[in-house]
Amino acid sequence: MKHSASRVKKAGMLIAMLCVLGMVSGLPVADAAAKYPAKAVTVIHGFKAGGGSDQLAHVTQPFLEKVLKQRFVNVYKPGATGAIAWKEVGKDTKPDGYTLTTCLTPQIQLNSMINANAGYSMADFEPIANMIFDPGILVVGVDSKYKTLQDLLDAARKEPGKIRISHSGNGGDDWYNGTMIAKLAGVGFNLVPFEGDGPAWQAAAGGHVEAATTNVGVVTSLVQGKKLRGLGVYTEQRLPSIADVPTLKEQGVNFVEGSFRGYLAPKGTPKEIVGTLADGLQKVSADPQFKAACAAVNMVPHFLAGDAYKSFLATKEEALRKIVKEMKLAP
């Protein structure tokens with residue numbers, strides 16, 4: 001009896017100690033979340049500077065720094081159509097809120113579907129918020145002999161595979177858009193991958209390829225400045241600031257697409273930290289100056305967070321899987 005009572009007493013003391021330790025060990029996490037962000041936050045981009053991911057950062061983060069009173073530092077790790085950065089953040093990064101990455105939809109989903117060695121999936125991330133929608137656009141160099149979309153399509157029909165279309169990387173949204181335009185128009189393009197939107201449009205501007213498929217937010221100023229010529233925007237209606245560029249639809253190619261851009265944290269990041277970031281980004285999205293900055297480059301503010309953002313990403317991924325299967329885009 002004495003031995004039994006002693007064991008019970010010791011067991012009770014052990015349980016009490018474990019409870020106390022559990023409470024104490026939980027304090028630093030809760031305290032860290034309450035003080036977040038207490039230092040600079042790194043945002044890892046899977047592309048070179050000058051592309052769509054970079055555009056999101058430069059439009060959004062100056063406002064977010066004012067809201068959260070902390071610096072957001074951009075680091076560029078291009079390669080594998082963004083997969084190098086997404087794998088690092090999704091698989092190899094401490095989920096403490098101090099390392100984030102950008103979410104480029106449909107690119108992040110497509111890359112993981114098309115590239116067997118991508119090394120990540122959407123399950124590796126905590127969605128924070130989507131901030132903008134950036135429509136797609138097909139551009140050529142200002143001195144190009146292709147003055148219209150029809151000129152380009154006629155040349156592609158005449159010599160299948162000769163027309164080179166640069167894009168931001170295999171498995172990305174620009175690659176997907178080029179693939180879909182070719183399919184809908186019934187032509188054969190030679191899709192040439194580059195490490196991001198910047199190098200892709202530069203190749204078109206320099207005449208190294210016949211055209212580039214990219215995003216409006218990336219090249220609006222270049223089209224306005226007559227350094228590139230737009231052959232078609234992937235929107236329902238023409239865009240006011242580049243109103244001389246017709247839509248694909250009005251030229252007989254029924255295609256509307258673009259890039260939704262937001263932020264992700266590694267899976268397991270405390271929900272309080274994700275909430276702090278989402279709340280900060282919501283305040284940014286409501287700022288008239290942020291809206292003006294988006295309008296200046298034809299990007300549309302499109303805020304989603306919480307369950308709405310998670311549902312959007314899941315629905316988009318399901319739709320893309322069907323298209324990838326139907327078109328046999330995956331190896």
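These legends go with a set of close-up views of a predicted model.

**View 1. Helix H2 meets helix H9.** Here we look at H2, residues 52–68, where it packs on H9, residues 271–285. The two axes come within 9 Å and cross at roughly 115°. This crossing of H2 and H9 is right-handed. On the H2 side, the contact uses Thr60, Phe63, Leu64, Val67 and Leu68, and H9 brings in Thr276, Leu277, Gly280, Leu281, Lys283 and Val284. Sorted by class, the residues in the contact of H2 with H9 come out as seven nonpolar, three polar and one charged.

**View 2. Helix H2 again, this time with helix H10.** H10 covers residues 288–296, and its axis sits 10 Å from that of H2. The packing angle is about 170°, and anything over 145 counts as roughly antiparallel, so that is what H2 is to H10. From H2 come Val59, Thr60 and Phe63, and they meet Gln289, Phe290, Ala293 and Cys294 of H10. No charged residue takes part in the contact of H2 with H10: there are five nonpolar and two polar ones.

**View 3. Helix H4 lies against helix H11.** H4 takes in residues 107–114 and H11 residues 306–326. Their axes are 10 Å apart, with a packing angle of about 40°, which makes H4 oblique to H11. The H4 and H11 crossing has a right-handed sense. Count the contact of H4 with H11 by class and you get six nonpolar, one polar and three charged residues.

**View 4. Strand S9 and its pairing partners.** S9 runs over residues 258–266, and nine of its nine residues are buried. S3, residues 99–105, pairs with S9 in the antiparallel sense over five bridges. To find that pairing, look for threonine 102, whose bridge partner in S9 is tyrosine 263. S4, residues 125–141, is also antiparallel to S9, and nine bridges join the two. For this pairing, a handy landmark is phenylalanine 133, which has phenylalanine 260 of S9 as its bridge partner.

**View 5. Threonine 247, tucked into a loop.** Threonine 247 belongs to the loop that links S8 (228–233) with S9. Is threonine 247 buried or exposed? It is buried, because its relative accessible area is 2% and the cut-off for buried is under 20%. Leaving out residues up to four places away in sequence, threonine 247 touches Val233, Thr235, Glu236, Gln237 and Arg238.

**View 6. Alanine 182 in helix H6.** H6 spans residues 173–185, and alanine 182 is part of it. With a relative accessibility of 11%, alanine 182 counts as buried. Set aside neighbours within four places in sequence, and the residues in contact with alanine 182 are Val187 and Phe189. Valine 218 is 36 residues from alanine 182 along the chain, and their C-alpha atoms are separated by 22 Å.

View 7. Proline 37 sits in the loop between H1 (2–35) and S1 (41–45). Another cis bond runs from threonine 105 to proline 106, with omega near 15°. You'll find proline 106 in the loop between S3 and H4.

View 8. Threonine 81 is not a glycine, yet its phi is positive, near 55°. The loop that holds threonine 81 lies between S2 (72–76) and H3 (83–92). At 10% relative accessibility, threonine 81 counts as buried. Lysine 226, also a residue other than glycine, has a positive phi near 65°. Its place is the loop between H8 (216–224) and S8. What is the relative accessible area of lysine 226? The value is 54%, so lysine 226 is exposed.

Technical notes
Residues numbered from 1 in each chain as written. Predicted model: local features only at pLDDT ≥ 70, side-chain atom pairs only at ≥ 80, totals over all residues. Heavy atoms only, no water. Helix = DSSP H or I, 4+ residues; strand = E, 2+ residues; numbered from the N terminus. Buried < 20%, exposed > 50% of the residue type's maximum accessible area, 1.4 Å probe, protein only. Contact = heavy atoms within 4.5 Å. Axes fitted to C-alpha atoms, helices over the stretch in contact; angles between N-to-C directions. Parallel < 35°, antiparallel > 145°, perpendicular 65-115°, else oblique. Left-handed = near helix turned anticlockwise from the far one by under 90°. Nonpolar A, V, L, I, M, F, W, Y, C, P; charged D, E, K, R; others polar. Pairing = 2+ DSSP bridges.
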